[in-house]
Amino acid sequence: MENERIIPRHVAIIMDGNGRWAKQHGLERVEGHRAGAIAVKNLVESLKHTGIQYLTLYAFSTENWKRSKEEVDALMELLAEFIDANLPLLMENDVRLLVSGRIEGLPEKAREKLKDAIRKSSANTGGTVIFALNYGGRAEIADAAKKIADQVLKGEISPEQIDEKLFAQNLYLPDVPDPDLLIRTSGELRLSNFLLWELSYAEIYVTDTYWPDFDLAELDKAIDAFQKRNRRFGGR
Ligand code: IPE
Ligand code: IPE
Ligand code: MG
C-alpha cells in the first residue's frame, strides 16, 4: 500500500553524467549542465510530494576546480542564474535552502545570491534542499578538526571530551540527520569525496541514467530499492 512505504528521511545524490549526456546528444558540456539544472528544478518542485525531508545535491566538489576555466566559469554562472530563477519556486513550494561546503571559496556573485536565498527561505517547512558546493568530505572533516582544536586552545573543551557526537556537531550542518539513501547517477561506483562522515550507514543506489534524465520516476525506483534493504547498523 502506498502509505506503508518507508520514505528515506534524507536522500543524498551525486548528480553525475552531465558531460556524457551532452556528448550523447552532440552538445557542448555546458549544455549538459544546463539540462542538469532543469532536472534539479523539477525535483525541488515536487519535493514535498515525495515525503523526503532532506535532499542533498552534490553540485560542485573541491576537486571540480581542476576542470577547464571555461567549464568552471560556466558552472558558477549557471549556479547564480539558477538561484535567481528558482527562488520564487522555493518559496511557492515551501522549500528551505541550505548549502554545505567551503562557501567562502565561491565567486562573490553566486555566494551573495545563495546567502539571500538561504535567508529568505529559512522559515519554509515543506522540506530542505542542501546544495553541496565547493564541498569535499575530507575538507569538511579537516575543517571540523580545526574548529575543535580552536576550542581546545581557548580552553572551552578538553581533548578528553572529543567523541563522535562532538565531532559531528562541528561538521558543516550539525542539525541535518545523516542520509539514509545515497543515489549516484551515471553508473560510477565511487563516493568522489562526498559526505565521508555522514554516509557511514547510508544505503547506496547506483543507476546508469545520466543526471539530466533523472526524474521523479527514477527517484521512485531508488526509493523502491531502498524499501527492500535490510538496515542492520552493525546489529543482527
Ligand atoms: C556532473 O556531471 C556535474 C558536475 C560534476 C559539476 P559531470 O560534468 O561530471 O559529467 P560527466 O561525468 O563528465 O559525464
Ligand atoms: C562528483 O562527480 C562530483 C559532483 C557530482 C559534483 P565527478 O564527475 O566530479 O566525480 P569523478 O571525477 O567521476 O570521481
Ligand atoms: Mg562526472
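Hi everyone, let's start with one residue: Trp 197 counts as partly exposed, at 26% relative accessibility. On this scale, buried is under 20% relative accessible area, exposed is over 50%, and partly exposed is in between (1.4 Å probe, protein chains only).

This is a predicted model, so local features need pLDDT of at least 70 and side-chain atom pairs 80 or more, while totals for chains, interfaces and linings use all residues. Residues count from 1 along each chain as written, chains are lettered from A and ligands numbered from 1 in written order, and side-chain values use heavy atoms, without hydrogens or water.

Now, the rings. How many aromatic pairs does a search of the whole structure find? The search finds nine. Two rings of Phe, Tyr or Trp (its six-membered ring) pair if their centres lie within 6.5 Å; planes under 30 degrees apart are stacked, over 60 edge-to-face, the rest tilted. Our Trp 197 is stacked with Phe 167, with 4.9 Å from centre to centre and 15 degrees between the planes. Phe 167 sits in helix H7 (residues 164–169) and Trp 197 in the loop between strand E5 (181–184) and strand E6 (203–206), so this pair ties together parts that are 30 residues apart in sequence. Helices (H or I, at least four residues) and strands (E, at least two) are DSSP runs, numbered from the N terminus. Is Phe 167 buried or exposed? Phe 167 is buried, with a relative accessible area of 14%.

Next comes Tyr 201 with Phe 233: the ring centres are 5.5 Å apart and the planes meet at 50 degrees, so this pair is tilted. Here too, distant parts of the chain are linked: Tyr 201 is in the loop between E5 and E6, Phe 233 is in the segment after helix H8 (216–227), and they are 32 residues apart. Tyr 201 is partly exposed, at 46% relative accessibility. There is also an aromatic cluster, made of Tyr 58, Tyr 135, Tyr 172 and Phe 194.

On to the sheet. Six strands make an open sheet with parallel pairing, in the order E3-E4-E2-E1-E5-E6. Strands pair if DSSP finds at least two bridges between them. Which strands are at the edges? Strand E3 (96–100) and E6 are, and each pairs on one side only. E5 and E6 run parallel and are joined by four bridges. Look for Ile 183, which stands opposite Tyr 205 in E6.

Finally, the ligands. Around ligand 1 there are 13 residues (a heavy atom within 4 Å), and Asp 16, Gly 19, Arg 20, Arg 29 and Arg 67 come nearest. A side-chain N or O atom of Asp 16 is 2.9 Å from an oxygen atom of ligand 1. Alone, ligand 1 exposes 380 Å², and the protein buries 87% of that (Shrake-Rupley method, 1.4 Å probe).

The surroundings of ligand 2 include Tyr 58, Asn 64, Arg 67 and Arg 190. Asp 16 turns up again, with a polar side-chain atom 3.2 Å from an oxygen atom of ligand 2. For Asn 64, a side-chain N or O atom is 2.9 Å from a ligand 2 oxygen atom, and for Arg 190 a polar side-chain atom is at 2.8 Å from one. On its own, ligand 2 has 390 Å² of accessible area, and the protein covers 78% of it.

Notes. Polar contact = N/O pair within 3.5 Å; in protein donor to acceptor, adjacent residues only side chain to side chain.
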